[in-house]
Amino acid sequence: MGLRRAIVLVALMEVTWSLNVTTVGPKTVSTDASAHPEPAEENTEQKEAATAEEDVMATGELNPNHYPAQRAAKVVQHYLNTRYGSPYKLFGLKQVHSGNAEEVADSGRKYQLEISVHEIISNTQEKCSAEVFFPSGAKQLSPQVQVSACEEILKLDAKSEDEALYQQYKTNKTVRTEERLPDSHGHIDPEMTPFWHLSIVASSFIMLKESTENTLYNVAQVANITQLATENEQLKFDCHVLLHDMVSQEIPQWKLLFTWSPAEGVKVLHTEQLPHIHEREKQAKPN
C-alpha cells in the first residue's frame, strides 16, 4: 500500500528536486503541494522521453532539453547537495543552457554543461559551469563532477537557521519517528520540512553514487525518518526513502543511517537497498 501510494504521489506531484520552496526563517517554510514541484521543467523532460534512448550516446553539442544533457546536469545537483546541502540550504536544477558530450578514449564519457543552479530555500539562482564524467567498464563507478563559476550561490549563509534547528533537537532523549514526507496529498508539516530537506541531502549521496547516463533520480517520498539518540554531538537519523528514476519509472527503496550537525554536515554511515515490494512479498511467503 505504501509503495502504491508513493507512486501515485509522484504521478500527481511530478516531484522534482527543483522544489521551489521559499522560507523566511526556521519556522516559516511554505509546504503546500504547489510549492514543491516545478511542472514546466518536469514536463519538458517527459516530452523528450520518446527520443531519449536514441539520444543517450550522442556526442558533440547536445539539445539542453533532451535527456542526455538533463541526466548529466541532475548529477551536478546531487553533487552540490552532498557537498553543501543542509536543512536550510538545498540545491536544485533550474535550467540546462547548453551541453556537449565526448568520448574519453576507452575510459568513459565527459559532459561539459552550462546550467542554472537553484538554491531552493532562498529562491536564488546562478549560472554555473560543470563537467560530469561517467566512467565506463563492467563495474559501475560513481560519476565524477567538477563545478566552477558558481561561487555566489555556494556562499549563501544558512548557519543561523541550521544552528537553531540543531540546538532544538540535540537534547532529544526519546526516539521520534515521522512517516510519509510528503503525505499522500503532497503536504508536509512546517516543523518537519527541514527534515524533509535533510533527508534529500542524505539521499543525494545514494543518487550520486547510483547515477549513470541512463538514470534520472529524484526523491519521491521519505517513508519514515527516525531521530536516534545523539552521539558525539551529531544528530543521528535512521531513514527509509523512496527514490524515483524518471527513465525506468522504477521506485527503488533505500534505508540509510546518517548523522548531521552544522559543524560536520551530513555524514552517511550506512546504506542498504531494499527489495522491490513484490520481492519482499515473495520472500515472506512460506515454502
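Modeller: What follows covers disulfides, aromatic pairs and cavities, in that order. This is a predicted model, so local features need pLDDT of at least 70 and side-chain atom pairs count only at pLDDT 80 or more, while totals for chains, interfaces and linings use all residues. Residues are numbered from 1 along each chain as its sequence is written, and side-chain values use heavy atoms, with hydrogens and water left out.

Colleague: Fine. How many disulfides are there?

Modeller: The count is one disulfide, taken as a pair of cysteine sulfur atoms within 2.5 Å.

Colleague: Which cysteines does the disulfide join?

Modeller: Cysteine 128 is joined to cysteine 150, with S to S at 2.0 Å. The link of cysteine 128 and cysteine 150 is right-handed, with 55° about the S-S bond.

Colleague: And what does the pair tie together?

Modeller: Cysteine 128 sits in strand β4 (residues 124-135) and cysteine 150 in the loop between β5 (144-148) and α5 (151-154), so the parts that are tied together lie 22 residues apart in sequence. Helices (H or I, at least four residues) and strands (E, at least two) are DSSP runs, numbered from the N terminus.

Colleague: Is cysteine 128 buried or exposed?

Modeller: Cysteine 128 is buried, at 1% relative accessible area. Buried means under 20% relative accessible area, exposed over 50%, and partly exposed in between (1.4 Å probe, protein chains only). Cysteine 150 is buried as well, at 3%, and cysteine 239 counts as buried at 0%.

Colleague: Switching to rings. How many aromatic pairs does a search of the whole structure find?

Modeller: Five aromatic pairs turn up. Rings of Phe, Tyr and Trp (its six-membered ring) pair if their centres lie within 6.5 Å; planes under 30 degrees apart are stacked, over 60 edge-to-face, and the rest tilted. One of the pairs is tyrosine 111 with phenylalanine 134, which is edge-to-face at 5.6 Å centre to centre and 85° between the planes.

Colleague: Where do tyrosine 111 and phenylalanine 134 lie?

Modeller: Tyrosine 111 is in strand β3 (residues 108-119) and phenylalanine 134 in strand β4, so the pair ties together parts that are 23 residues apart in sequence. Tyrosine 111 is buried at 1% relative accessibility, and phenylalanine 134 is buried at 6%.

Colleague: Now the holes. How many cavities of 30 Å³ or more are there?

Modeller: Two. On a 1 Å grid over the protein atoms alone, a cavity is a set of points where a 1.4 Å probe fits but cannot get out, and lining residues have an atom within 4 Å of a point. Grid points are joined across faces, edges and corners, and a volume is the space filled by probe spheres set on the points.

Colleague: What lines the largest cavity?

Modeller: Its lining includes Tyr169, Phe195 and Phe237, along with Arg176 and Glu178. β7 (217-231) gives the most to this lining, with three residues.

Colleague: And which element has the largest share in the second largest cavity?

Modeller: That is α4, with four residues.

Notes
1 Å grid on protein atoms, 1.4 Å probe; cavity = no way out; pocket = protein on both sides within 12 Å on 5 of 7 lines; lining within 4 Å.
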